[in-house]
Amino acid sequence: MATSQSVFNNQFAISQFDEYYLPCINRNTFEKEDSITAFKKKYKQDIFKEDTLHIILGLDSGLLVNYILESPQVAGSKYIFVELPEVMSMLNIDIPEEQQHYLKVLSLEELNEHIESGEDDLFLIKDQIAITLSLAASAGVVEEYSGYYSQIYKLIKQQTTSHKANFTQKSFFVEQFFNVVENNQPASILKNKFAGKTAIVIGGGPSLDEHIDWIKANYEQLFILTVSRFASKLSAAGIPAHIIVSVDPQDTSFEVNRDMMRLANESLFINSHHVNHRIIAQWNGKSLFLGNRFPWEETNNILTIGPTVTNSAIRVAIEMGFKQVLLSGVDLCHSSAGVTHAKGSVEASAGSNNSIIHEWVETYSGSIAETPIQLIHAALALKEEAETYPNVEIVNLSINAAKIQGITHIPKEQVSIVSADCSPSQLLEMVPSASENKQEKLQRIQTELSAANEAFKAISKLAIKALHINNEAKKLKQHSAAFQAKASEIDKVEQKINKKFPKYNMSIKVFGYFEFTQFLTTKKTQDWSFKQMNSMTHLYYSAYQIITEQLQELTETALDIVKLRREEISDAPSIELITEGWKKHNQPGRVNIFQAMLDNTVASSLTLDEKSKLKSASDSYQDQLTSFAHPYFSMKKKNQNLDNTLAKILDLKQHKNIDGLTLLTNNIEPLIANDKFAHRLFHLALHYVHFLENNFDAALAALLEIEPTSRTEVELKQQLLLALKLHKIDLAEETITSLAQYSDEYYPQHAHILSLQGKNQQALDLYLNYLDKYPTDESTLIKLGVFLAGLGQIEGAKSAFDNVMQINPDNVTARNYLNQLATGNAS
């Protein structure tokens, strides 16, 4: 089915509220109510959210731009309007100079260039972007908007994913400093311990539910590594994992994975060095860490591999020597039913998001499946892993998983397992308890952190010195001896930083990736002006100053935690000090670890107040484990939101994606009983499924299931198309009469339908009424000429074609008709 092209008539109307608008874009929206009332009703305060890059698709005839410009400026926010070129050519948008830094109107191509420029990178890095549809775009009538929405969404998603990957380095560092004490033993102690054996890595994908009985039946032979969020599911099924893997630094990670916390005596925990500190600090069992304890050290430990925890779990299995790595729940896409995760997870109960336009990938079954961009990156990383380790057989047990080069699919029944002959309890016994004296270990860490803190202070002082020198150089002539002397001084500062602090310098640059990139330029060295050189030097050493000060704060936090851990194992611990410390760092679960190692004599001598403080910490931890107040647990409400679902339906229709539309109808169907809007969207999507399958009777029946009062111009256009296809002329006339209430552009088509019914005078009246308003519409003039010629009114037909030639002498169709009339062959 070809995508219908919208008609853009350069004809403005004036509403009863004295507002100019384009009927071809906004139909009769602004005849019902004034624009301000309409915008307030639609957007409420969402469009004025602070600290947000608002990307708005469509100008609503320029009225939405005016609405933003005339409202108070929103703190920390910027606005980018994107409009179709056909519409932009009809509007004259004049942004006051003093507001041009705050609001831009761009084409889609210009938006791409703007995003690439890096001007608004901070919004991308912090994921503080809102993509909003104008009233016209959200109506779905102008289908070109739906295509634009899909492109804008994917552009922003790709850019935010890329920028966050770089910026996340900071959160990695933050958690790494928090975890220096908890990261006791490296995972490298397990390297090559299971050479030639079979392991199974269990992810959170829906195929886990298909395999869990097989895993249970073969449990004694399998060595299981699982992502942390599904460890509890396996344990409940009587198949506890050997290893639980977790890597995410985000604070939400604790809520996502909290059910694993009770498995400390059952499984070995392997965590990235930057896992969220609330998990590892409150884990009351054996653990090994990936990566490096300190940001500035290099070791031969097993690395954390991104972008997902599953990628890291697979690398751990490979490094442990396993020759064959089976994958279950590693789908890297949604199931054919739209399920995103295995049963028992918040994500599974929430269902797939009805509004987000994802990517589509091929599965091993040959079908296509929906997947978010993050899992596209995970699949690419897994492909690279297979290329890096060609001697390891990586097998996906799911035929419905995303197809990845280098990863084979074998049905679970055909898999040959080489057993590792190791139970989870035996694995725990293999991991030695920390042999080093705890106080000595803490002293060693404290010494390392203190040295780093002093280094960061020294580098900060050098950066401040360089900034001072650069400021003085700014006042001098570029080629003067005095300027050269200042440049030499700055060079010496740089040499001192590199020579004296090489151990920490790379860590500073990685942690301060964003700040240090600010001084970079695309200009060639010979094109640098004196002013630019000075500015770049200022930005460079300002980055040093800012980052070293932040790293000082992190080392001081780490030192504070060292002090806290030393207090926990002291002979006479201060209960007040340690409970306040746990509260400060949001680690109340430390109370269980503390009480387990507390000397009986000390325990028996605790005061009522001290016991109360420990009880309070225990209650706080229980609240962390059981509360559903965190936004993470509200995912279902977010996923069922239908605000942008119409755009998703139209995007799927334009791409002829029957599977996607079918999936969407399945997701929306449970909502239709109590939601008229859901009822409408369900039947519209179902209509498109039947339409794409050329089942036009069923397609029309689906549309007619929508309440007449709920049918919008989108549905009525499709209803008209089908009525004509199925030769239901009476329905076509009824439908076109309804459509004409939205826009004059339907008058010519209405006239044609009337002519099919033999109502020629009514048809002629409609043609003439329309041409009174739009006398230069060439297409309608030609239709009128053909209509009149068919009635035998040759002079009238000639007049219509002549009018076309006066408007456009190059119109070949009108010329051909005139030639036919001249030879008596017109019909």
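**Close-up 1. Arg258 sits over the ring of Phe628.** In this predicted model, R258 lies over the face of F628. The distance from R258 to the centre of that ring is 5.0 Å.

**Close-up 2. Lys725 sits over the ring of Phe696.** Here the charged residue is K725, placed over the face of F696. The ring centre of F696 is 4.9 Å away from K725.

**Close-up 3. Tyr540 and Tyr544 form an edge-to-face pair.** The count of aromatic pairs in the model comes to 27. In the pair formed by Y540 and Y544, the centres are 5.3 Å apart and the planes stand at 90° to each other. Both residues belong to helix α22, which spans residues 530-568. Because Y540 and Y544 are 4 residues apart in this helix, about one helical turn separates them. Is each tyrosine buried or exposed? Y540 is buried, with a relative accessibility of 12%, and Y544 is buried too, at 0%.

**Close-up 4. Tyr770 and Tyr774 form a tilted pair.** The ring centres of Y770 and Y774 lie 4.7 Å apart. Their planes meet at 45°, so this pair counts as tilted.

**Close-up 5. Six aromatic residues gather in one cluster.** Which residues form this aromatic cluster? Look for the tyrosines Y21, Y43 and Y67, together with the phenylalanines F30, F39 and F48.

How values were computed
Residues are numbered from 1 along each chain as its sequence is written. This is a predicted model: local features need pLDDT of at least 70, side-chain atom pairs count only at pLDDT 80 or more; totals for chains, interfaces and linings use all residues. Side-chain values use heavy atoms; hydrogens and water are left out. Rings of Phe, Tyr and Trp (its six-membered ring) pair if their centres lie within 6.5 Å; planes under 30 degrees apart count as stacked, over 60 as edge-to-face and the rest as tilted. Helices (H or I, at least four residues) and strands (E, at least two) are DSSP runs, numbered from the N terminus. Buried means under 20% relative accessible area, exposed over 50%, partly exposed in between (1.4 Å probe, protein chains only). A charge sits over a ring if NZ of Lys or CZ of Arg is within 6 Å of the ring centre and within 35 degrees of the ring normal.
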